[in-house]
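Please open the structure in a viewer and keep the sequence panel beside it.

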Amino acid sequence: MSPLTQLATLLPLAYVFGSIPFGLLVGLAKGKDARKFGSGNIGATNVARMLGSKRWFFLIFVLDALKGAVPMLIAAVLLHDEVKTPAVYWLWLGAGLMAILGHMFSLFLKFKGGKGVATSCGVMLGLWPYYTVPGILALTTFAIVFKLSRYVSLASICAAASAPLLYMGIGLWLGWPVFGAQWPLLAFITTIAGLVIYKHRTNIARLRDGTEHRFGRKKA
């Protein structure tokens, strides 16, 4: 079986892996259902609030990030000796896309799920070297905005919005063919950033209205 055929086989497996609702499973293991608490989201933020400890945020964030990183790293191994054409890039990105879609539209939750921030971060960190440094800088953006505002949603939106700009800037600086053979990478990261921001549309409305909950503060 050729590497490209193996990669095509990886795509549905990446979707199933991405569909695993780690946040929900962690909550259920502690006797609580995140779907019936707060925002009803199964992501790290809502589960951490439900369980009353920040450590759960970091655990679930890492688990959800691995859903994106593992398929990308496997794809990188399979494509190690392949000539990087736009078609090859699309197959590589397909593994990450299926993981993200699995998280957002889980096979196990009637095609509902989380907002895709952690899984998208895992995809970026796992696509070495093209997305890794931009991914680290996007995480830094998240940390800075969160530190200043205590809004996880605002930090997530800013990190997502910064990712395409960071990739493009670093790529042009290093002489990568950002608008040439690597154009699928720019198209993908821009699309995923837009999808993540779209999934935060209710948070954007609450931020605009001043009713968004700050992480670490208990709701009245």
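Two residues are said to be in contact when they have heavy atoms within 4.5 Å of each other. The model is predicted, so local features are described only at pLDDT of at least 70 and side-chain atom pairs only at pLDDT 80 or more, while totals for chains, interfaces and linings use all residues. Residues are numbered from 1 along each chain as its sequence is written, and side-chain values use heavy atoms, with hydrogens and water left out.

**The whole chain**

Begin with the protein chain in a cartoon view: ten helices and zero strands make up its secondary structure. Helices (H or I, at least four residues) and strands (E, at least two) are DSSP runs, numbered from the N terminus. The radius of gyration, taken over C-alpha atoms, is 17 Å, close to the 17 Å that the globule rule (2.2 Å times the number of residues to the power 0.38) gives for 220 residues, so the chain is as compact as a globular protein of that length. Its C-alpha trace spans about 55 × 35 × 25 Å along the principal axes. Of the 220 residues, 48% count as buried; buried means under 20% relative accessible area, exposed over 50%, and partly exposed in between (1.4 Å probe, protein chains only).

**A glycine in α6**

Next, select Gly-122, which lies in helix α6. Is Gly-122 buried or exposed? Gly-122 is buried, with a relative accessible area of 1%. Leaving aside residues up to four places away in sequence, Gly-122 touches Ala-65, Gly-68 and Ala-69.

**The cavity**

Rolling a probe the size of a water molecule over the atoms shows where empty space is left. On a 1 Å grid over the protein atoms alone, a cavity is a set of points where a 1.4 Å probe fits but cannot get out, and a pocket is an open set with protein on both sides within 12 Å along at least five of seven lines; lining residues have an atom within 4 Å of a point. Grid points are joined across faces, edges and corners, and a volume is the space filled by probe spheres set on the points.

The largest cavity holds about 250 Å³ of space. Select Val-117, Ser-120, Cys-121, Met-124 and Ala-160, the closest to its centre of the 21 lining residues. Helices α6, α7 (132-149), α8 and α9 each give two or more residues to this lining.

Now turn to the largest pocket, with about 830 Å³ of space. Among its 36 lining residues, Ser-39, Asn-41, Ile-42, Gly-43 and Lys-115 are the closest to its centre. At least two lining residues come from each of α3 (44-51), α4 (54-78), α6 (117-126), α8 (152-174), α9 (183-199) and α10 (201-209).

Most residues other than glycine have a negative phi, and most peptide bonds are trans. In the loop between α5 (86-104) and α6, select Lys-110, where phi is near 55 degrees, a positive value. Lys-110 counts as exposed at 75% relative accessibility.

Move on to Pro-129, in the loop between α6 and α7. A cis peptide bond joins Trp-128 and Pro-129, with omega about -5 degrees.

Finish at Arg-150, in the loop between α7 and α8. Phi of Arg-150 is near 65 degrees, also a positive value, and Arg-150 is partly exposed, with a relative accessible area of 27%.
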